[in-house]
Amino acid sequence: RWINQQVDIISKNIQKAQRAEGKTFVSRTRVGIHQYAGQEVIYFRAILANPLTTPDDLVDILEEQEELARHPFIQSILNKMRDIMAHPNKLNLKVV
């Protein structure tokens, strides 16, 4: 549950920043995950409605998300997640 909450925070922040930048837009949605007893997790959602969208456009969207993920706030969350995954007993997590 803790890891999914962190993923939610990261996804929300990247999506909001991407929207604010105004170069590209990807929405987000919540999906219930069967493996996690239906716990909802936020995912990015891209709907391609423009027939002129090219593979390069999609690469640009992903590259922008990668750049936004380098923000110090996002990196601090990712570092915490890496630490917890390396030492799951810190939160009494069971890594499968």
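Of the 96 residues in the protein chain, 25% count as buried, a value that, like those that follow, was computed from a predicted model. The chain contains three helices and two strands, and these elements follow one another from the N terminus in the order α-β-β-α-α. When the C-alpha atoms are placed along the principal axes, they fill a box of roughly 50 × 30 × 20 Å.

The largest nonpolar core consists of seven residues, namely Ile10, Ile14, Leu68, Ala69, Ile74, Ile77 and Met81. Two or more of these residues come from each of helix H1, which spans residues 2–21, and helix H3, which spans residues 72–86. The most is given by H3, which supplies three residues to this core.

Although valine 7 and arginine 82 stand 75 residues apart along the chain, their C-alpha atoms are separated by 12 Å.

In general terms, side chains of opposite charge can pair when their charged atoms come close. A search of the whole structure finds one salt bridge, which is formed between arginine 30 and aspartate 8, with 3.6 Å between the closest N and O atoms.

The loop between strand E1, residues 27–33, and strand E2, residues 39–45, contains histidine 34. This histidine 34 counts as exposed because its relative accessibility reaches 75%, and the limit for that class is a value over 50%. Histidine 34 and arginine 70 are 36 residues apart in sequence, and the distance between them in space is 30 Å from C-alpha to C-alpha.

Helix H2 comprises residues 55–68 and includes aspartate 57, while glutamate 64 is found in helix H2 as well. Aspartate 57 is partly exposed, with a relative accessible area of 33%; glutamate 64, by contrast, has a relative accessible area of 7% and is therefore buried, the limit for that class being a value under 20%. Aspartate 57 also takes part in a negative surface patch, which is formed together with Asp56, Asp60, Glu63 and Glu66. Membership of such a patch requires over 30% relative accessible area, and glutamate 64 is therefore ruled out by its value of 7%. Glutamate 64 and asparagine 89 lie 25 residues apart in sequence, and their C-alpha atoms are 35 Å apart in space.

Conventions
Residues are numbered from 1 along each chain as its sequence is written. This is a predicted model: local features need pLDDT of at least 70, side-chain atom pairs count only at pLDDT 80 or more; totals for chains, interfaces and linings use all residues. Side-chain values use heavy atoms; hydrogens and water are left out. Patches are made of residues with over 30% relative accessible area and no salt bridge: like charges are joined within 9 Å, nonpolar side chains (Val, Leu, Ile, Met, Phe, Trp, Tyr) within 5 Å. Accessible areas come from the Shrake-Rupley method with a 1.4 Å probe; for residues, only the protein chains shown count as cover. A salt bridge is a side-chain nitrogen of Lys or Arg within 4 Å of a carboxyl oxygen of Asp or Glu. Lys and Arg count as positive and Asp and Glu as negative; His and the chain ends are not counted. The place of a charge is taken as NZ of Lys, CZ of Arg, CG of Asp or CD of Glu. Helices (H or I, at least four residues) and strands (E, at least two) are DSSP runs, numbered from the N terminus. Buried means under 20% relative accessible area, exposed over 50%, partly exposed in between (1.4 Å probe, protein chains only). A nonpolar core is a set of buried Ala, Val, Leu, Ile, Met, Phe, Trp, Tyr and Cys residues joined through side-chain atoms within 4.5 Å.
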